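Here is a request for a brisk structural report on one protein.

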Amino acid sequence: MAANLTQIPAISSGSACTQADAGLGATDPLYQALYRELREAILTGVLAPGARLQSSRSLAAARGIARNTVLTAYEQLQADGLIICRTGSGTYVSEDLAYQRVRNTPAAAAPRLSAAARRLPTDRPYRLGLDRRPEPGIVCDFSYGDPSRRLFPSRAWLNSLRAAIEDPRFFGYGSPAPEGFPPLRQAVAHYLNLSRRLLCTPEQVIIVSGSQQALFLVARLLVDPGDTIAVEECCFHGATLAFESVGAKFALLPIDADGLDPEALEWLPDGARLIYTTPANQFPTGARLSLERRLRLLDWANRHDAYVFEDDYDGEFRYRGRTLTPLQALDRNGRTIYCGTLSKILHGGIRLGYLVLPPALVPVFSRLKYLLDCHTDLLEQIALTHFIESGAFLRHLSRLRKVLAVRRQALLDGLTDHFGDRAIFRDNGAGQHVLVQFAGHDKARDDALIAAAAANGVRLYSAARYYLRAPSRSGLLFGYTHADVGEIERGLARLARCNWY
């Protein structure tokens, strides 16, 4: 054992040494900063195993700090096992060299990852939302995806949160189920059966932390590496990220005015394990899957032992006409997984969504979800239950539909007034955005328009990010959830004055 006393040099010889003078962190308590300094010296080998340290009195005098500060730091080092204090002998660095062996192991150039981690795509953003930070000079933001804060039912939601906190089931002894809060599952099933014409029981409803979790769990549940997933030629990139993470291959289904074409499935040499579709309002084009194609799609899935993931991300927002019957309500063979989200109704910050599963998938899905998060946030589940049962949900949804219908019409009228036939779009009477393609535009000209608009205080967004294959022409997404009628009119007027065409 080393017998020499290891000196820790004094930083200052003055008796009125400040924390900064002592070489310690200016914002930390003195003992914590001294503890970290000594810990680093020990772990890096500057203070060798077995080395004898200065006494607390000697170190305090050398540093110009209180002896109690040194004693407290030494006590923490001793609790960590880094030093040993021997009565009548002194204080020594521990002779346990395990940490030295770890320290001397050469660091790998890159972390060793699992095959699943290596499959995670690195060429696409994992932040799925849009950047809506306020900036000076922005007169209109045509963003999309969820309602703005101005439309959020703050008072009603706060009342529901208060009711949830006071609900004895929130503090109950029973373990929350991974499938979800039973009264919420019942309320969601009742709502879907009435408003969306689904055919489901509460036992088929699984509450999830948003549609992104639903996509990931379904991919883990049904898809093996190398399996084929058929997706629409342009679609929500959160879905393709989730599917790619499990090693899936993609088959792209072409989109036309009637939605995806099921005929393309017949030409897949290995079939498909899963088909991902947004039939009520294809994202981002706005096409609606016709009834004839819905039936053909379900028939193909049944014949080929495949499942259909029906993403009804904004099915509540239809402003004229009736919605077509969902695939789930037409399915008689348990081949449809129906997904909905509350993000488009309330706000993206509230991570609540739901799945309606075929009964045969419920038990194994529940086990998988338990392994991921045990259960979705219980406070928000109880609050949402109260929000629905109090009638606040339907009142808010009715108000939201009316507001967005007026904004949508203002957008369509403005596009026609300012751009005429140069602005090509589909008026499907639904959704929270409109895909607009300008005549003669390719992606490069779209990008130039986005830049010109930004310079004039208008935010636009390209649809190109939703294609797996780089498109020659994608168009721009004009949302109307974050811009009111006045902002939409001013934004389109400024856009029309840009010398971009």
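The report below starts with the whole chain and then turns to selected elements.

## Basis of the model

This is a predicted model, in which local features need pLDDT of at least 70, side-chain atom pairs count only at pLDDT 80 or more, and totals for chains, interfaces and linings use all residues. Residues are numbered from 1 along each chain as its sequence is written, and side-chain values use heavy atoms, with hydrogens and water left out.

## Overall make-up

The protein contains 16 helices and 19 strands. Both are DSSP runs numbered from the N terminus: helices are H or I with at least four residues, strands are E with at least two. Of the 501 residues, 48% are buried. Buried means under 20% relative accessible area, exposed means over 50%, and partly exposed lies in between (1.4 Å probe, protein chains only).

The accessible surface is about 23,700 Å². Carbon and sulfur atoms hold 54% of that surface. The areas come from the Shrake-Rupley method with a 1.4 Å probe; for residues, only the protein chains shown count as cover. Among contacts with a separation of 6 or more, 74% link residues 24 or more positions apart. A contact means heavy atoms within 4.5 Å.

Strand 7 covers residues 228–232. Five of its five residues are buried, so strand 7 is largely enclosed by the rest of the structure. Thr-228, Ala-230 and Glu-232 point one way, while Ile-229 and Val-231 point the other way.

Strand 7 runs parallel to strand 8 (residues 249–253), with five bridges between them. Two strands pair if DSSP finds at least two bridges between them. Thr-228 has Lys-249 as its bridge partner in strand 8.

## Strand 6 and strand 14

Strand 6 (residues 205–208) has Val-205 and Ile-207 pointing one way and Ile-206 and Val-208 the other. All are buried. Strand 6 runs antiparallel to strand 14 (residues 353–356), and four bridges join them. Val-205 has Val-356 as its bridge partner.

Four strands form an open antiparallel sheet in the order 15-16-19-18. Strand 15 (423–425) and strand 18 (461–462) stand at the edges, each with a single partner strand, so one side of each has no neighbour in the sheet. Strand 15 pairs with strand 16 (residues 433–438) over three bridges. In that pair, Phe-425 stands opposite Val-436.

Helix 14 (residues 392–419) packs on the sheet and touches strand 15, strand 16 and strand 19 (476–479). The direction of helix 14 makes about 10° with that of strand 16. Helix 15 (residues 443–455) lies across strand 16, strand 18 and strand 19, at about 40° to strand 19. Axes are lines fitted to C-alpha atoms, for helices over the stretch in contact, and angles run from 0 to 180 degrees between N-to-C directions.

For Cys-234, the nearest cysteine sulfur is that of Cys-235, 7.4 Å away. Cys-234 counts as buried at 3% relative accessibility. Cys-498 is also buried, at 5%.

Technical notes: Disulfide = S-S within 2.5 Å.
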